Amino acid sequence: MDVFLELALVLIIAKVFGYISLRLGFPAALGQLIGGIIIGPSLLNIVSYGPEVRLLAELGVVILLFLAGLETDVEEFKHVGLSAFIIAVMGVFFPLLLGYVLGLAFGFSDIQALFLGGILTATSVGLTTSILMEMKKLRTKVGTTILAAAVVDDILGIMILTILVAMNVRGSVRALDVVIILVEVALFFLAGIFLGHPAIREALKLSERITLPETVTAFALAIMLFFAYLAEKFQIAGITGAYLAGILIATTEEAKKITDRIMTIGYSLFIPIFLVSIGIESDITVLLHVGLFAGLYSLIAIISKIVGCGVGALMMKFKPIEALQIGVGMVPRMEVALIMANIALKEGVFDRGLFAIPVTMVVVTTLITPFLLKWAFSR
């Protein structure tokens, strides 16, 4: 199918299925996800999901996290810093441990079990962010904590991946490798906050002097993309850089105007494509070809995040219902989990059969999260 026709279909599916989902009392993101599954390889196989659509989807999740940063209450973000760190650490420890133990129990090798545990550590915050924004819960203490914790566990997940790859290649890992990663991450955030913040203010003031339509918005998008680029250069996910850019721009005088414009751009094209693309990539036929272990692995993925993050939240004096909401918000896995599984495949740790297990887990956690979030926030 021609790419323009594919994009037209994706946008129509996103809005129609999103509306139907809302009318049935569910988040619009769930309907868009289901719409993607219907037109994807699982059922009708109408959309091929070529590089053009993939690029727009990737821009969609970057813009979504940029918007999340713009809508983050900066003062609240400062208050949840320590809480988010503890929650993220607990939300990494439990999945890593339980995934590793489950792998050993089913007879996998030590390194295979470690990779299975490592894949469970990193949260995909794109879907959760979309649903929280839709439910008007993003600017709450719980919403801010979920986003901040997701940033931390993304960094921890990258560190774990680096360590596991080094262990597989050399049979051991050097402390220097871990130190280098920590230094790179620290430099990125320090440079972003202390150098990027004043530079952003000056760039936006300069943009107002250029009398062309939507110049301020264009500069804001350029800043978002630049921060995403820098984040990847520092071995951090691009969406983390976009989120940081959003937080920094949120403190400027132009924040309100920029947020309104980015909302229009994002929700009219890029974000719907991203949400439908999750469904397109979620090949549910995989579920028909996996056994008991894949089912248990997916169950562990859900329980370990709810318990781990929930325990961390309780330790930081959150109410039990808030701890449950935070745990549920950290359930979905997507990009980082698939990247880690793909690296395990390339490194020869996984074969194609074992690779299908993390794919199944990604599909299950993605599909169940909207229902769990709706349930947790209605209590």
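Predicted model: local features only at pLDDT ≥ 70, side-chain atom pairs only at ≥ 80, totals over all residues.
Buried positions in α5 include Ser83, Ala84, Ile87, Ala88, Met90 and Gly91. Further along the helix, Val92, Pro95, Gly99, Leu102 and Gly103 are buried as well.

Helix α13 can be treated in the same way. With 24 residues at 1.5 Å a residue, α13 should span 34 Å, and its end C-alpha atoms are 34 Å apart, which agrees. A residue with positive phi also follows α13, namely Lys317, with a value near 70°.

## Lysines with positive phi

Lys317 is not a glycine, yet its phi is positive, at about 70°. The residue sits in the loop between α13 (292–315) and α14 (320–329).

Lys136 is another non-glycine residue with a positive phi, here about 60°. It is found in the loop between α7 (125–134) and α8 (141–170). Lys136 is exposed, with a relative accessible area of 70%.

## Salt bridges

The count of salt bridges comes to 3. In one of them, the side chains of Lys305 and Asp153 meet at 2.9 Å, N to O. This pair links distant parts of the chain, with Lys305 in helix α13 and Asp153 in helix α8, 152 residues apart. Both Lys305 and Asp153 are buried.

Glu214 and Arg261 also meet through their side chains in a salt bridge, at 2.9 Å, N to O. They too connect distant parts of the chain: Glu214 lies in the loop between α9 and α10 (215–233), Arg261 lies in helix α12 (residues 255–281), and 47 residues separate them. Glu214 counts as partly exposed at 43% relative accessibility, and Arg261 is partly exposed at 31%. Lys256 forms a salt bridge with Asp260, the closest N and O atoms being 2.8 Å apart. Because these two residues, Lys256 and Asp260, are 4 places apart in helix α12, about one helical turn separates them. An α-helix has 3.6 residues a turn, so residues three or four places apart point the same way. Lys256 is exposed, with a relative accessible area of 58%, whereas Asp260 is partly exposed at 35%.

## Second largest pocket

The second largest pocket holds about 580 Å³ of space. Its lining consists of 23 residues, and those nearest the centre are Phe77, Val151, Phe189, Ile193 and Leu244. Two or more lining residues come from each of α4 (74–79), α5, α8, α9 (175–207) and α11 (238–249). Helix α8 gives the largest share of this lining, with 6 residues.

## Nonpolar surface patch

Ile12, Val16, Tyr19, Ile20, Leu24, Phe26 and Phe371 form a nonpolar patch on the surface. Together they have about 670 Å² of accessible area. Helix α1 (residues 3–23) gives the most to the patch, with 4 residues. Ile20 lies in helix α1. At 42% relative accessibility, Ile20 counts as partly exposed.

How values were computed. Residues numbered from 1 in each chain as written. Heavy atoms only, no water. Buried < 20%, exposed > 50% of the residue type's maximum accessible area, 1.4 Å probe, protein only. Expected span 1.5 Å × (residues − 1). Patch = residues over 30% accessible without salt bridge, like charges linked within 9 Å, V, L, I, M, F, W, Y side chains within 5 Å. Areas by Shrake-Rupley, 256 points an atom, 1.4 Å probe, with all protein chains shown as cover. Salt bridge = Lys/Arg side-chain N within 4 Å of Asp/Glu carboxyl O. 1 Å grid on protein atoms, 1.4 Å probe; cavity = no way out; pocket = protein on both sides within 12 Å on 5 of 7 lines; lining within 4 Å. Points joined across faces, edges and corners; volume = space filled by probe spheres on them.
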